[in-house]
Amino acid sequence: MEIFDKHGDQLIEAMLSMKNAEEFKEFLTDLCTIQEIQSMAQRYAVAGLLKDGMTYDHICEQTGASKATISRVNRCLVWGAGGYQLALSRKENKTQEESK
């Protein structure tokens, strides 16, 4: 099954229909297990630390992620679809705007 078939597209549309962070949290809480949410949050944190140039050992200590997970996230940062890069860039831009 392709990742973004009709059902995947419907999931994306549902995510995009959420109006704020609270609604999105409620949706994720219903959609995912606690472990799935924690795993996604951990991978996003790993991506940010990798982008900041942190070592695998430091990232393991900070996040509890395995080196296999860190390596997978790193591969996505380098050769992936660009989603991590886009999200991290927008987070950085938002942080800069808020600090003005």
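This is a predicted model: local features need pLDDT of at least 70, side-chain atom pairs count only at pLDDT 80 or more; totals for chains, interfaces and linings use all residues.

User: What volume does the largest pocket have, and which residues are closest to its centre?

Analyst: The volume of the largest pocket is about 1100 Å³. Its lining counts 26 residues. Closest to the centre are M15, F24, M40, R43 and Y84.

User: How do the residues of that lining of the largest pocket divide by class?

Analyst: Three of the lining residues are charged, and four are polar. The nonpolar class holds 19.

User: Which residues line the second largest pocket?

Analyst: This pocket holds about 190 Å³ of space. Helices α3 and α6 each supply at least two residues of its lining. The lining is Y44, A45, G48, L49, K51, D52, L88, K91 and E92.

User: How many charged residues does the lining of the second largest pocket have?

Analyst: By class, this lining has four nonpolar residues and one polar residue. K51, D52, K91 and E92 are in the lining, and Lys, Asp and Glu count as charged. The number of charged residues is therefore four.

User: Which helix provides the largest share of the lining of the second largest pocket?

Analyst: Both α3 and α6 supply at least two residues here. The largest share is five residues. They come from α3.

User: D5 is buried; how far away is the nearest side chain of opposite charge?

Analyst: D5 lies in the segment before α1 (6-16). A salt bridge needs a nitrogen to oxygen distance within 4 Å, and D5 has none. The nearest side chain of opposite charge is K6, at 8.4 Å.

User: Which backbone nitrogens lie 3.0 Å from a polar atom of the side chain of D5?

Analyst: D5 has no salt bridge, but its side chain does have backbone nitrogens at 3.0 Å from a polar atom. One belongs to H7. Another belongs to G8.

User: Is Q62 buried or exposed?

Analyst: Q62 is found in helix α4 (residues 56-63). Its relative accessible area is 53%. The cut-off is over 50%, so Q62 is exposed.

User: How far apart in space are Q62 and Q42, C-alpha to C-alpha?

Analyst: In sequence, Q62 and Q42 are 20 residues apart. In space, their C-alpha to C-alpha distance is 10.0 Å.

Definitions and conventions: Residues are numbered from 1 along each chain as its sequence is written. Side-chain values use heavy atoms; hydrogens and water are left out. Helices (H or I, at least four residues) and strands (E, at least two) are DSSP runs, numbered from the N terminus. Buried means under 20% relative accessible area, exposed over 50%, partly exposed in between (1.4 Å probe, protein chains only). Lys and Arg count as positive and Asp and Glu as negative; His and the chain ends are not counted. A polar contact is a pair of N or O atoms within 3.5 Å; within protein, one must be able to donate a hydrogen and the other to accept it, and residues adjacent in sequence count only if both atoms are side-chain atoms. On a 1 Å grid over the protein atoms alone, a cavity is a set of points where a 1.4 Å probe fits but cannot get out, and a pocket is an open set with protein on both sides within 12 Å along at least five of seven lines; lining residues have an atom within 4 Å of a point. Grid points are joined across faces, edges and corners, and a volume is the space filled by probe spheres set on the points.
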